Number of protein chains: 2
Amino acid sequence: MDEYQHTCMIRGDGGRAIRAILDRICDKWTMLIVATLDDGRMRFTELKEHIPGISQRMLTLTLRHLERDGLVSRTAYAEVPPRVEYELTALGKSLIPPALTLAGWAIEHNGEILASRETYAARQK
Amino acid sequence: MDEYQHTCMIRGDGGRAIRAILDRICDKWTMLIVATLDDGRMRFTELKEHIPGISQRMLTLTLRHLERDGLVSRTAYAEVPPRVEYELTALGKSLIPPALTLAGWAIEHNGEILASRETYAARQK
DNA sequence: CAGTATCCGGTAGGATACTG
DNA sequence: CAGTATCCTACCGGATACTG
């Protein structure tokens with residue numbers, strides 16, 4: 001893509017397109033779950049162990065949303081004790097590269113942002 | 001970047017890196033303002049007209065955050081009536097390409113996601 | 001093990017009114 | 001014109017307890 005490639009993609013319909021993804025990936029846990037599942041299929045508890053700080057409730061909720069949106073598939077095995085495995089679908093996997101692009105930006109520019117915050121805070125007093 | 005380039009960029013420190021950008025760009029208006037300012041420097045009211053639905057309060061707040069983070073520069077002219085212009089900094093501009101990558105993903109896959117939601121909803125009853 | 005169900009506090013963000 | 005200052009509400013997400 002070249003330099004001036006139309007932010008109309010973003011503003012397009014008054015921002016509905018961008019809002020759509022933001023609503024999908026911008027909550028506290030979605031990206032983390034997707035990134036974790038990129039390692040391969042995983043069980044509920046396993047997932048919970050890989051994502052420090054997540055509550056059972058939010059793990060369940062976020063997985064349901066991802067399942068609903070077709071980013072994650074859920075497979076329940078009729079066993080006792082129950083076993084449920086989650087896996088990224090092709091659609092889910094396709095989100096990884098753009099997410100990494102963004103993560104790359106974050107890591108690359110985090111220093112500048114923190115520096116800017118300090119000078120901003122200094123100017124405030 | 002190649003296919004398996006480590007989602008550790010995302011999960012890295014328990015998600016602190018990704019959380020950092022998400023906190024920065026994932027609110028309701030940030031991306032829209034940045035995309036709009038990509039057209040060039042703009043005054044407060046002008047910005048408000050280009051972004052349908054935004055309240056005065058949220059425009060001010062979001063601009064302050066962007067200024068604090070060094071993504072947007074604010075220039076106030078000592079005139080009556082006052083004139084204030086906002087402009088993307090180099091750092092702000094650097095966010096556009098990654099944002100477009102994400103927007104591209106959203107547009108490309110939105111159909112699949114909506115379809116998935118419908119079958120999911122159908123299965124629920 | 002893999003979830004629900006319930007309660008509850010913090011906060012994002014809208015509406016409205018006022019001001020240098 | 002370019003903002004503050006308040007008030008108010010919805011809802012995100014944590015903690016905890018219970019269950020097939």
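Reader: How many bridges pair strand β2 (residues 72-77) of chain B with β3(B), and in which sense do they run?

Author: This is a predicted model. In it, β2(B) and β3(B) are joined by six bridges, and the pairing is antiparallel. A hairpin of five residues links β2(B) to β3(B). Take one pair: B:Arg74 has B:Tyr86 in β3(B) as its bridge partner.

Reader: Which strand joins β3(B) through two bridges?

Author: Strand β1 (residues 42-43) of chain B, again antiparallel. Here B:Met42 has B:Tyr86 as its partner in β3(B).

Reader: How do I read the order of the whole sheet in chain B?

Author: List the strands as they lie side by side. In chain B the order is β1-β3-β2, in an open sheet of three strands with antiparallel pairing. The edge strands are β1 and β2 of chain B, each pairing on one side only.

Reader: What packs on that sheet?

Author: Look for helices touching the strands. Helix α3 (residues 30-37) of chain B touches β1, β2 and β3 of chain B. The direction of α3 makes about 95° with that of β3(B). α5(B) also packs on the sheet, touching β2 and β3 of chain B, and its direction makes about 110° with that of β2(B).

Reader: Where do side chains point in a regular strand?

Author: They alternate between the two faces of the sheet.

Reader: What is the strand order in chain A?

Author: β1-β3-β2, in an open sheet of three strands with antiparallel pairing. β1 (42-43) and β2 (72-77) of chain A are the edge strands. β1(A) pairs with strand β3 (residues 83-88) of chain A over two bridges, in the antiparallel sense. A:Arg43 stands opposite A:Glu85 in β3(A). α5(A) lies across β2 and β3 of chain A, at about 110° to β2(A).

Reader: What rotation superposes chain A on chain B?

Author: Read the angle, then the shift along the axis. The rotation is 180°, with 0.0 Å of shift along its axis and an RMSD of 0.0 Å. That is the relation of a two-fold axis. The same surface serves both copies: 100% of the contact residues of chain A recur in chain B.

Reader: Which residue of chain A comes closest to the rotation axis?

Author: A:Cys26, with its C-alpha at 2.7 Å.

Reader: Now the DNA. Which residues come nearest to DNA strand D?

Author: Start with the list, then ask which elements supply it. There are 20 residues around DNA strand D, and A:Lys28, A:Arg57, B:Thr45, B:Arg74 and B:Tyr86 come nearest. By type, the residues of this surface are eight nonpolar, four polar and eight charged.

Reader: Which elements supply at least two residues each?

Author: In chain A, α5 (56-68) does. In chain B, α4 (44-50), α5 (56-68) and β3 (83-88) do. α5(B) gives the most, with four residues.

Methods:
Residues are numbered from 1 along each chain as its sequence is written. Chains are lettered from A and ligands numbered from 1 in the order in which they are written. This is a predicted model: local features need pLDDT of at least 70, side-chain atom pairs count only at pLDDT 80 or more; totals for chains, interfaces and linings use all residues. Side-chain values use heavy atoms; hydrogens and water are left out. A residue is near a molecule or strand if one of its heavy atoms lies within 4 Å of it. Ala, Val, Leu, Ile, Met, Phe, Trp, Tyr, Cys and Pro count as nonpolar, Asp, Glu, Lys and Arg as charged, and the others, Gly among them, as polar. Two strands pair if DSSP finds at least two bridges between them. Contact means heavy atoms within 4.5 Å. Axes are lines fitted to C-alpha atoms, for helices over the stretch in contact, and angles run from 0 to 180 degrees between N-to-C directions. Copies are superposed by least squares on the C-alpha atoms of residues with pLDDT of at least 70 in both.
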